[in-house]
Amino acid sequence: MKHRKPKSMIDSGGNTSSTSKASKNEFFDMATNGGGIFGGKNRNNNPLDGMDADDMPVVDDTYNYALLIALYTLQGIPMGLSASIPFLIQQKVKTLASLATTTAASTAADGAVKAGTAAAASIASSASAHADITKMAYNAQAIFALCSWPFSLKLLWAPIVDACFLKRYGRRKSWLVPVQMLAGIIMFVGSDFVERELGLGDISGSDSGGFDVKGVTAFFFVLYFLMATQDIAVDGWALTMLSKKNRGKGPVCNIIGQNLGYFLAFVGFLALNDPDSSEKLWRPLLRLKSNPGKGLVSLGGFIRSMGGLMIGLTTFVAIFKRENRADANANAIEISKSPNENDDDDEDAEIDAAEIGLRETYRRLWAVCKLPAVRLLFVILLTNRF
């Protein structure tokens with residue numbers, strides 16, 4: 001929750017002095033070294049003083065765009081993987097149904113010597129087995145749909161992410177780095193667990209007996225919770241990482257990155273995991289040895305590789321990406337504005353949760369949640385997957 005700061009500051013002589021609206025872009029350091037915007041020795045000699053936002057030097061945010069898209073891509077990977085799980089459940093159900101039908105027919109045929117009702121017994125056994133397996137599939141998909149709830153509920157802990165941080169390390173990196181690193185480690189270490197719980201091993205082995213979706217749901221629920229927290233941090237970082245002129249393009253990076261990650265982990269994974277596509281398309285294209293009946297990548301291998309990618313990018317951000325000190329202190333820059341300027345353009349002069357405190361933030365959040373339109377939105381967000 002945010003509210004406006006005073007438009008102007010009065011100096012000791014009673015005169016209103018205008019200060020610069022300095023860009024908070026981390027790669028824009030030309031004013032910080034000599035101008036004292038962030039507490040330098042001579043603030044009055046700042047070359048940006050008196051400049052309007054439209055008159056500021058053009059800042060190249062290409063690298064910032066690339067980083068934001070990469071971070072949002074990581075966010076879309078668990079979403080795409082979770083969308084592919086129902087298809088894998090359906091494949092498993094078909095396998096179990098086929099095995100049940102074959103077993104029932106074989107048992108009935110073996111008893112045909114002693115009884116003349118082999119055909120009837122086979123049909124009854126097949127129908128019963130198929131009904132049980134279909135019910136199992138519906139229940140599994142209904143339970144698995146719960147894993148996406150953290151993204152619908154992230155508003156509950158967003159003020160904590162925004163207000164609590166280590167100033168020395170950076171306001172956004174304090175959450176982004178540990179959360180992403182933990183998600184990457186969970187994906188890397190837990191990949192075999194997901195494959196085992198879904199029973200995606202060799203059909204002839206012990207894994208063909210069934211599957212347990214509750215463990216997979218818990219796995220992805222934790223990933224969604226971590227990625228929802230990462231989304232809060234990245235959204236906030238985008239506001240200060242990009243220059244003021246380019247700040248409106250942050251949501252564009254969000255859409256591009258999330259859809260890219262979703263497509264990679266959903267369509268890309270299913271295409272590489274499908275045995276027929278792998279045998280007829282990918283292996284000849286990549287000149288790989290034929291291996292009928294097996295996909296090019298397994299679920300466990302794909303999750304492990306994505307976890308490694310997440311760990312690698314997080315390490316890069318932790319080491320090489322510097323977060324501006326001013327971003328860790330909301331009061332580091334005081335923005336003033338002349339009385340004849342439009343309030344709606346003064347985006348920088350706002351107070352956030354770090355300044356008004358968690359209690360006040362949650363009080364205002366609760367007031368917003370009591371609005372009828374917001375309550376309706378909560379219902380939609382919590383039920384749209386069912």
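Tutor: Helix axes are lines fitted to C-alpha atoms over the stretch in contact, and the angle between N-to-C directions runs from 0 to 180 degrees. In this predicted model, helix 7 and helix 9 pack at an angle of about 140°, and their axes are 11 Å apart.

Student: What makes helix 7 oblique to helix 9?
Tutor: An angle over 145 degrees would count as roughly antiparallel, and 65 to 115 as roughly perpendicular; the angle here is about 140°, which makes helix 7 oblique to helix 9. The crossing of helix 7 past helix 9 is right-handed.

Student: Which residues of helix 7 and helix 9 meet?
Tutor: From helix 7 come Leu-264, Ala-265, Phe-269 and Asn-273, which meet Leu-299, Phe-302 and Met-306 of helix 9. Sorted by class, this contact has six nonpolar residues, one polar and no charged ones.

Student: Which residues touch the most other members of the largest nonpolar core?
Tutor: That core has 54 residues, and Leu-81, Phe-220 and Leu-299 touch the most other members. Helix 6 gives the most to the core, with 15 residues. Beyond its neighbours within four places in sequence, Leu-81 is in contact with residues including Phe-220, Ala-265, Leu-299 and Phe-302.

Student: Why is Gln-91 called partly exposed?
Tutor: Buried means under 20% relative accessible area and exposed means over 50%; Gln-91, which is found in helix 1, has 41% relative accessibility and therefore counts as partly exposed. The C-alpha atoms of Gln-91 and Leu-200 are separated by 9.5 Å, although the two residues are 109 residues apart along the chain.

Definitions and conventions: Residues numbered from 1 in each chain as written. Predicted model: local features only at pLDDT ≥ 70, side-chain atom pairs only at ≥ 80, totals over all residues. Heavy atoms only, no water. Core = buried A, V, L, I, M, F, W, Y, C linked by side-chain atoms within 4.5 Å. Buried < 20%, exposed > 50% of the residue type's maximum accessible area, 1.4 Å probe, protein only. Helix = DSSP H or I, 4+ residues; strand = E, 2+ residues; numbered from the N terminus. Contact = heavy atoms within 4.5 Å. Parallel < 35°, antiparallel > 145°, perpendicular 65-115°, else oblique. Left-handed = near helix turned anticlockwise from the far one by under 90°. Nonpolar A, V, L, I, M, F, W, Y, C, P; charged D, E, K, R; others polar.
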